[in-house]
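Me: I have a model open in the viewer and would like to talk it through with you. Let's begin with the aromatic rings.

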Amino acid sequence: MTLSADRVSRTAAGQLILDGVSFTPAPGSVTGLLGPNGSGKSTLLRLLAGVLTPASGVVTLDGRPLREFSRRAVARRLAVVEQQADTQTELTVLDVVRLGRVPHRRAWTPSTPADEQAVRAALDRTGLTERADRLWHTLSGGERQRVQIARALAQEPRELLLDEPTNHLDIQHQLDLLTLVTELPVTTVIALHDLNLAAMYCDVLVVLNEGRVVAAGSPAEVVTEELIAEVYGVRAAVTPDAPGDRPHVRFLGTLRRDIVRLP
């Protein structure tokens, strides 16, 4: 069993943000959420994390409604990495990663050997052991995102939810981050804007548009010239990197639907 959304809807300020979305990532897979701005990607991730509640439908964890779990119980299973994180407090990398153990401890109790082992393992997995004593505010954007993933790993989750973690990163850090994430032994759901990165790193893609799922499947099934034109309003050429390989997108320009028709 795993995390699942069944016909979930969500409104905000009288506007329908998600409309009857069903979604169940396969255990151990990497699922990419795609769609233009305002399509509902972040809202769906927050519903899956239990931060928001659906107006209708249900999110379940191992077959039980997520609302039946305490926040602490959810945090022991699910870890979330937001687009950006910041703090005014002078924390070290080690301090930030230790925050991932909070769901596993009673309030005001000291760290246990198991806590410290999980923290050290997370630092090692993300290549941050040598930076453990560095102050958070001295790190680059890519390093900060890596620390947030280490903090999430210290929770020892079975599901990892990431909301556009590559935003504001250069190409090298984007590739390093996604390589790290896709090698983790967890079920991962990651919202992305870049179609080529999504096709390179994700097992399954789910495309949202105006709050609804308009496509779902393998990258080769989902990333098509027709879908890019319809969902993004962009003309593109889609070719596999090699026969039977993942698709590669080359953008050709904005599609003006009022005067231009697809061939």
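Me: How many aromatic pairs does the count come to?
Reply: The count comes to zero aromatic pairs, where rings of Phe, Tyr and Trp (its six-membered ring) pair if their centres lie within 6.5 Å, with planes under 30 degrees apart called stacked, over 60 edge-to-face and the rest tilted. Please keep in mind that this is a predicted model, in which local features need pLDDT of at least 70 and side-chain atom pairs count only at pLDDT 80 or more, whereas totals for chains, interfaces and linings use all residues. Residues are numbered from 1 along each chain as its sequence is written, and side-chain values use heavy atoms, with hydrogens and water left out.

Me: OK, and which residue lies over the face of Phe69?
Reply: That is Arg64, at 4.2 Å from the ring centre of Phe69; the criterion is NZ of Lys or CZ of Arg within 6 Å of the ring centre and within 35 degrees of the ring normal.

Me: What else does the Arg64 side chain meet?
Reply: The Arg64 side chain also meets that of Glu68 in a salt bridge, at 3.4 Å from N to O, a salt bridge being a side-chain nitrogen of Lys or Arg within 4 Å of a carboxyl oxygen of Asp or Glu. Arg64 has a relative accessible area of 38% and is therefore partly exposed, and Glu68, at 48%, also counts as partly exposed; buried here means under 20% relative accessible area, exposed over 50%, and partly exposed in between (1.4 Å probe, protein chains only). Elsewhere, salt bridges that share partners join Asp62, Arg77, Arg158 and Glu159 into one network.

Me: How many salt bridges does the structure hold?
Reply: The structure holds 11 salt bridges. One of them is between Asp19 and Arg212, whose closest N and O atoms are 2.7 Å apart. Asp19 lies in strand E2 (residues 15-23) and Arg212 in strand E10 (residues 212-217), so this pair ties together parts that are 193 residues apart in sequence. Helices (H or I, at least four residues) and strands (E, at least two) are DSSP runs, numbered from the N terminus.

Me: Which residue does Glu164 pair with?
Reply: Glu164 pairs with Lys41, at 3.8 Å from N to O. Glu164 sits in the loop between strand E7 (159-163) and H6, while Lys41 belongs to helix H1 (residues 41-49), so their bridge ties together parts 123 residues apart in sequence.

Me: Are those two buried or exposed?
Reply: Both Glu164 and Lys41 are buried. By contrast with that pair, Asp19 of the bridge to Arg212 counts as partly exposed, because its relative accessibility is 24%.

Me: And how many of the residues of H1 are buried?
Reply: Eight of the nine residues of H1 are buried, so the helix is largely enclosed by the rest of the structure. The buried ones are Lys41, Ser42, Thr43, Leu44, Leu45, Leu47, Leu48 and Ala49. H1 is then followed by Gly50, which has a positive phi near 85 degrees.

Me: Where do I find a positive phi in a residue other than glycine?
Reply: Glu156 is such a case, with phi near 55 degrees, and Glu156 is placed in the loop between helix H5 (141-154) and E7. Asp62, which is not a glycine either, has a positive phi of about 55 degrees, and Asp62 is in the loop between strand E4 (56-61) and strand E5 (64-65). Glu156 counts as partly exposed at 49% relative accessibility, and so does Asp62, with a relative accessible area of 31%.

Me: Switching to the surface: which residues form a nonpolar patch?
Reply: Ile171, Leu175 and Met200 form one, with about 280 Å² of accessible area together. Ile171 lies in helix H6 (residues 171-182) and counts as exposed because its relative accessibility is 63%. Patches take residues with over 30% relative accessible area and no salt bridge, joining like charges within 9 Å and nonpolar side chains (Val, Leu, Ile, Met, Phe, Trp, Tyr) within 5 Å; areas come from the Shrake-Rupley method with a 1.4 Å probe, only the protein chains shown counting as cover for residues.

Me: Last topic, the overall chain: what is its radius of gyration?
Reply: The chain has 19 Å, which agrees with the value near 18 Å that a compact globule of 263 residues would have; the radius is taken over C-alpha atoms, and the globule rule is 2.2 Å times the number of residues to the power 0.38. The C-alpha trace spans about 65 × 40 × 35 Å along its principal axes, the chain contains nine helices and 12 strands, and 47% of its 263 residues count as buried.
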